Structures are given as C-alpha cells and as structure tokens.
Amino acid sequence: MASHPHAGAAHSGGPGAAETARLLREAALEVSRCAAEIRGAAARAGAVLGSSPLARSSLRHPRTGLAAQWSLVRALTSASGLGFALSGGDGVLRRVGQAGEVCGREGLANRVAVTSLRMRAAAVLAEHPELLRDPGMRRLMDAVTGDRDVEALRALRALLRDKGAERAMSTVAPLFAELSAIRALLDENPLNDEVGWQIATGEALHADPWLGISARHLAAFDAGEGAAVAVPLDDEERRSLATEGSLMGFLGNIDLLRTDGRILIQDVRGPDGVVRHVLQAPGMAPGRPRNDSPQDFVGAWSNLFDPESPYTRGILLAIDEYGLPAGAEIALIGHSEGGIALMNLAQNSAFCRRFRVTHMVAVGSPIDNKKPADPRTWVASVTNQHDLVPTLDGRGAGSGSVFTPHPDWYEVDYIDSSHEFPLCHSLGKYMGNLEAELAGARRDIDKALTPYRGPVLRSQVYQLKDRANPPQGYPLMAVPVAPVATSAGPVEVPVRYYDSTAAVAFFAVDPDRVAGLLSDASWMSPSRVGRRVLVALSAYEHRCVSLGPYNELSLAVLVNDLWRPRAHDVLRELLRRADTRRTGRQVTALAVTTPEAEAAGRELWGQPATTALLDVRLTGNRLHTVLAAPALGPGGEAGDPLLSLTGDLGPYVPAPHVDSVLYGRTADATLRSMVHCAGRQRFHAAPRLRLRCATGPGEEEPLVRQARALGLDGARPLCVLSAPVYQARRGAGAPLPR
C-alpha cells in the first residue's frame with residue numbers, strides 16, 4: 001500500500017512553509033544525485049590514473065601518455081576540476097588523497113553533498129522554526145556548518161549541560177542526521193566520510209551504522225540479558241483492558257501499561273472464528289536510565305541499532321512463556337521504544353519462520369532503517385512531525401522526506417498543534433490525534449486489522465527486566481521496606497531517593513541569632529567554627545522517589561553531641577559512620593511541594609514542614625532555587641519570589657558523599673533520622689551565590705522569616721556541596737529520651 005500522509009493543524013512554519021520545504025527537498029535530492037555522479041566520476045578517473053595499463057601505455061608513448069596522466073592529475077586535484085579527489089582511487093593515490101584531506105583539501109563531490117545536506121536542513125527549519133529560536137541549537141548549527149569542530153564540541157557540551165542528555169538529544173534530533181553528515185564530510189578525518197555519504201545519499205535508511213554506532217559500542221551501556229516474568233493486573237487495570245480488538249483498544253491497553261517495563265499479549269477471536277494473537281509494547285520511561293528494566297533512554301538507543309537488544313530478548317522470553325503455537329498469526333503493536341523492539345522481531349527471519357507476523361503498527365517509533373523479514377507483513381507507521389523521537393532513524397523530520405525507503409508501507413506523518421516535547425511524544429496525545437484529526441487514518445488501519453476485530457479471549461501481562469544488571473539503586477536501596485501510616489496515606493520506610501539533585505549551602509551566623517530557633521530544643525547546643533555558628537540551607541529536586549516526586553528546601557542548624565557537647569564536634573564527628581555519630585543538623589524550617597512530603601516531614605521526621613511553590617534546578621555549574629508565593633487566582637501558579645538562592649557555584653573539587661544525621665521535634669520528643677547517600681559530590685570553596693529574602697507578606701513563610709532573623713538576606717555562603725546525581729535512603733525518625 002502506498003504512503004498516506006495526513007495533515008493535522010496548521011503548519012508551524014506558516015502557510016507557505018510546507019511548499020518551501022517540499023521544493024527544498026526536491027532540489028536537495030537532485031543535488032545529492034549530482035554529488036553521487038561526481039563522486040563516481042572521480043572514482044573512475046582515480047582508478048584509471050592508478051591503473052597498470054595507463055602506466056605501461058605512458059612508457060610506450062610518453063608524449064601522449066604523460067599528457068593524459070597529467071590531465072587526470074589536474075582534474076583530480078584542481079579546484080576548477082573535481083577538487084582534491086584522489087581519495088577515490090586505490091593504493092598510493094588513496095593514501096595521498098587521505099593525507100590531502102587531513103591537510104584541509106576537499107573534493108567537489110563532498111562540497112556538493114554538503115550543499116544538499118544544507119538544503120535538507122533548511123527544509124526542516126522551514127517546517128520547524130522553533131529550532132532556530134533555541135540559542136544553543138543556533139550555536140551548534142553555525143559551528144557544524146562552518147567547519148569549526150572545537151566550537152561544535154563546545155556547543156554540544158553546552159546543550160548537554162544546560163538541558164541534560166535527554167532534552168539535548170531531543171533538541172538536536174530533527175537535524176541530527178544532517179549535522180552529523182555535514183561534520184563528517186567537512187572535517188579533516190577521511191575515515192568517517194562514508195558515514196556522511198550514507199546519510200547524504202539515503203543509504204543510512206537501509207543500514208544500521210549510519211551513526212557509526214553498533215552493538216559493540218552499546219554493550220558498555222546495555223549489557224542486560226533480558227528476562228520476562230508473568231505478573232497480574234490489579235482490579236482497576238483489569239476492568240480497563242479492552243474486551244474487543246481494535247486499534248484504539250490496543251493503544252489504550254498500551255497506555256494503561258504505562259512505561260514500567262510491562263508488555264501485554266492477548267488472544268483475539270477474529271470475525272472468521274480463527275484465534276489470533278496481539279503483542280502490545282509501551283515505549284521508554286522518562287528520566288535517568290534504569291537498571292531494572294530495558295524500557296529507558298539507553299534501551300531505546302540499543303533497540304534502534306541492536307536487533308538483539310534486552311527489550312527484544314525479553315519479549316521473546318514472554319512469548320515462550322505464553323505458549324504461542326508454531327505458525328500462529330500475530331500482530332505487533334508498539335509505541336516509541338516498544339515499536340522499535342517489535343520491529344526487531346518482525347525483521348528476524350527465524351521469528352518469522354516460527355510465527356506468521358501479519359501486521360506491524362508502530363506509533364511514534366523510528367523504524368525507517370528496518371524492514372520486515374516477511375514481505376507479506378503489513379506495516380503502518382504513525383508519526384507526529386513535532387515528535388523528535390521518530391527522527392532518530394536518520395530519515396529526518398517532515399512528511400516530504402528526501403528519501404522514501406518504504407513506499408509500500410502505510411505512513412501517517414502529520415502535524416499537530418502541540419509542539420512541545422515530550423508532550424507530543426506521549427501515547428495519549430497520539431490517541432487523541434487519531435480519534436479527532438486523523439479519523440481517516442484510524443479507519444484505514446482498523447480496516448487492515450480486521451482479522452483482529454473480535455472478542456478478547458485471554459490477556460497476560462509480563463514484566464520485562466535486565467537480568468544481567470542489578471536493580472535500580474543497588475546496593476543502597478536493597479533494604480527491607482515497610483508501610484507507615486501518615487495523614488496523607490501510607491509511606492514506605494525507608495524512603496528511597498533514586499534520582500535527585502542536591503545542593504547544600506553553609507552560612508556562618510551570629511550565635512545570638514540562632515538561640516531563638518533552638519528554644520524548643522534548648523538542650524541542643526549549636527556547633528561553632530571560631531565564634532560563628534554554622535547554618536545549612538539545603539535544596540533538592542527529587543525526580544524519582546518512593547514518596548513521589550517533589551522539591552525540598554530546608555534550613556538547619558548544625559548541633560553538637562546532645563549529651564556531652566564539645567567544641568568543633570561536627571568536624572570531628574564527620575570521621576564516624578552516621579549510625580555512631582552524635583552530632584547532626586537540627587531542621588528548623590522545611591518547605592516541600594507535595595502534601596505527601598509534608599506529612600512525611602512532620603510525622604516521620606518531626607520537621608516543621610509546610611507546602612509551598614518551590615523551583616530547584618541544578619544545571620551544569622549553576623544553581624537556581626526560588627521559593628515563591630502562590631499567585632492570586634484559581635490556577636495556583638507561582639507568584640513573586642519569597643526567597644531565592646541563585647548563581648554560579650564556581651570552581652569545585654570532587655568529594656565523597658557523607659551520610660548525615662537530622663534532628664526534628666514533635667510535641668513530646670526529639671526524633672533522630674539518618675540519611676545514607678551514594679555517589680560523589682562537588683565541593684565549591686568560593687561560590688558566587690547570594691541569598692535574597694522578600695519583604696512584606698513573604699515574611700509569613702517560616703523559612704523566609706527564619707532566614708531574615710539569622711541575617712542571611714543578601715549573604716553569600718561560605719561553601720556549597722552540590723550533587724547533580726544524588727541517591728539516598730532515609731529511615732523513620734527514632735525518638736530520643738530527651
């Protein structure tokens with residue numbers, strides 16, 4: 001079946017952007033063909049120049065033979081000819097050509113190919129002008145197209161530092177193929193020219209190594225063997241599963257499974273009475289790579305370039321456990337990474353000999369560089385042009401791609417009004433588009449899936465795992481847990497923080513200012529450095545935590561041994577393990593962003609927690625912490641800042657994480673809790689931060705009021721400990737006798 005592009009909302013580049021992009025791509029295709037012809041001519045001329053017959057002829061007829069050789073040399077080295085194109089020859093000529101490229105000489109074919117790639121990039125930018133609004137992206141494009149390798153590396157590092165790996169790759173993805181090819185063809189390394197030519201001529205869509213990435217490179221990141229365990233659904237999930245086979249029913253099942261490593265296999269009785277099978281696979285989970293599941297960012301890249309990835313191997317094990325009979329008809333339906341993993345199965349000839357893969361439906365998946373082993377397999381690909389994940393296969397963004405590798409597939413490449421990634425990549429967004437704007441495409445795919453339109457007879461969910469890898473957070477998180485009741489619901493203790501960033505700023509304050517804060521725990525004595533008392537302001541962004549994601553900002557006073565205080569106790573006690581340490585930090589104010597975290601702070605740890613609007617970000621070497629007041633209105637959005645600690649953290653030296661002891665107070669007891677950490681942190685001896693407190697209504701916030709009482713408004717910290725990657729576990733507070 002021919003491709004069927006469908007248009008959604010208005011084009012992001014304006015009314016004429018689509019036509020401009022189409023003309024640019026048509027011209028780019030012609031220019032790339034010209035580049036291939038020039039390259040072929042240079043290769044043939046180089047082969048003739050280095051051939052033995054020409055050498056023998058020149059010896060027999062030196063007058064004409066040497067003239068012919070000289071003409072070939074000029075054609076292959078002159079800027080008015082084929083440029084410096086000797087690398088297309090063999091033997092000595094090839095080595096000379098490579099040496100010339102190292103010295104900065106270029107061939108005409110490479111320059112023409114780069115022109116084609118720049119036209120392709122211009123077509124993408126015509127449809128996606130939002131890419132040029134990103135200053136980091138503009139800097140990277142200018143450096144790559146200007147052949148400034150050092151500047152390009154700095155620009156890419158800046159993107160990774162400012163946005164994080166996942167968002168940076170998402171930003172670069174629509175132009176990743178073009179930028180990679182331009183750099184390969186323009187740099188002084190002759191060994192990567194073939195990669196650039198694969199992308200420029202479309203060969204990358206028929207071969208995995210278009211990025212120079214192979215299973216060997218991925219082995220260091222994704223060495224899991226793959227595993228599958230049958231797991232039950234809870235009552236609500238079981239009631240929500242589709243009972244009739246349909247495209248929206250299958251996609252709804254995938255959306256129900258979420259991205260926690262589960263897949264679903266179902267038996268469906270078709271209209272003809274034959275029982276067929278449907279395998280449904282979700283996409284990757286957001287956030288940092290996980291060791292307990294192949295459904296993560298690293299697993300997605302592994303699926304893209306390694307046909308035998310842990311996700312694919314886990315699916316095979318699930319099929320074996322399910323007991324599908326040989327020769328059974330099966331449809332494969334997946335979203336994002338799930339679509340790639342299922343396409344790996346469809347292109348496996350042994351799998352297709354064992355089962356009859358009738359249909360393959362991929363939503364938001366980069367599968368253009370793959371092809372089913374069975375030519376009878378019907379393939380549908382649904383992609384949103386503003387979704388950056390499908391561009392990772394090297395085809396690029398836009399329905400009018402320069403190359404169409406699979407004209408027999410049913411392709412739905414559309415434009416949606418939602419441009420923000422990763423929202424436009426979510427399966428819920430795709431389902432909404434198929435239900436509303438793409439009704440015709442939905443009916444076409446449903447019609448193709450007619451053999452699977454019938455009652456569901458059996459459903460089984462499998463949990464996929466990376467068997468060779470330890471569970472997430474091992475060994476720090478490998479501890480027994482138990483639920484503890486709180487006013488906001490049960491909380492598993494110890495609380496595990498799998499993926500966080502942390503920053504602790506230390507201030508030196510007047511001892512008289514601290515006395516009031518410790519009045520309710522008068523038996524605690526603050527720890528001094530010289531004549532000053534140390535106070536810590538700690539900011540955390542908890543992205544993945546057993547309590548649920550939240551942000552945290554706390555103010556604490558460093559206190560000595562509770563029963564036998566001595567001078568400089570804190571410095572001496574740092575050499576002890578947390579479970580034998582007598583010193584710690586008395587938390588006097590705590591702001592969190594969720595009711596669950598507030599209940600845990602008050603009831604588990606005895607800390608005076610309040611719910612607030614709090615933004616904590618640690619990007620690169622810069623900290624941004626803002627405690628804001630709620631704006632007036634029903635939305636609950638952030639208003640004016642009440643307290644801020646922002647700025648450059650300055651130079652740092654690596655330092656090990658130190659477990660900490662925290663103290664809190666309830667109505668009748670002091671609670672002592674321990675925080676065990678893993679990994680490394682950074683010690684900033686000269687931070688360029690400044691703490692600011694609001695005046696007026698903001699003083700009602702306890703943390704702001706205490707910061708002003710301590711004289712911290714406008715103060716710079718003595719030092720800062722920061723951790724871009726922070727993992728920890730914290731047990732419940734233990735009551736002390738006093």
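Predicted model: local features only at pLDDT ≥ 70, side-chain atom pairs only at ≥ 80, totals over all residues.
Among the cysteines, Cys693 is buried, at 11% relative accessibility, whereas Cys544 is partly exposed, at 32%.

An open sheet of eight strands is present, with mixed pairing and the order β1-β8-β2-β3-β4-β5-β6-β7. From one strand to the next, the twist averages 20 degrees. Within the sheet, β2 (residues 262–269) and β3 (residues 275–281) run antiparallel and are joined by six bridges; Arg269 has Val275 of β3 as its bridge partner.

Two helices that pack on this sheet are described here. Helix α12 (residues 247–257) touches β2, β3, β4 (329–335), β5 (356–363) and β8 (456–465), and its direction makes about 155 degrees with that of β2. Helix α15 (residues 337–346) touches β3, β4 and β5, with its direction at about 150 degrees to that of β4.

Salt bridges number 18 in the whole structure. In one of them, the side chains of Arg258 and Glu237 meet at 3.4 Å, N to O. Because Arg258 lies in the loop between α12 and β2 and Glu237 in helix α11 (residues 235–240), this pair ties together parts that are 21 residues apart in sequence. Arg258 is partly exposed, at 47% relative accessibility, while Glu237 is buried, at 7%. Both residues belong to a network of salt bridges that links Glu237, Arg258, Asp260 and Arg262.

A further salt bridge is formed by the side chains of Glu329 and Arg276 (2.5 Å, N to O). Glu329 is located in strand β4 and Arg276 in strand β3, so the pair ties together parts 53 residues apart in sequence. Glu329 has a relative accessible area of 30% and is partly exposed; Arg276, with 6%, is buried.

The side chains of Arg356 and Asp374 also meet in a salt bridge (3.7 Å, N to O). This pair links distant parts of the chain, with Arg356 in strand β5 and Asp374, 18 residues apart from it, in the loop between β5 and β6 (378–384). Arg356 is partly exposed, with a relative accessible area of 22%, whereas Asp374 is buried, at 9% relative accessibility.

Elsewhere, helix α21 (residues 595–603) has Ala597, Ala599, Ala600 and Gly601 as its buried residues. The elements that cover these residues include β14 (550–559), β15 (584–592) and β16 (609–611).

Key:
Residues numbered from 1 in each chain as written. Heavy atoms only, no water. Buried < 20%, exposed > 50% of the residue type's maximum accessible area, 1.4 Å probe, protein only. Helix = DSSP H or I, 4+ residues; strand = E, 2+ residues; numbered from the N terminus. Contact = heavy atoms within 4.5 Å. Pairing = 2+ DSSP bridges. Axes fitted to C-alpha atoms, helices over the stretch in contact; angles between N-to-C directions. Salt bridge = Lys/Arg side-chain N within 4 Å of Asp/Glu carboxyl O.
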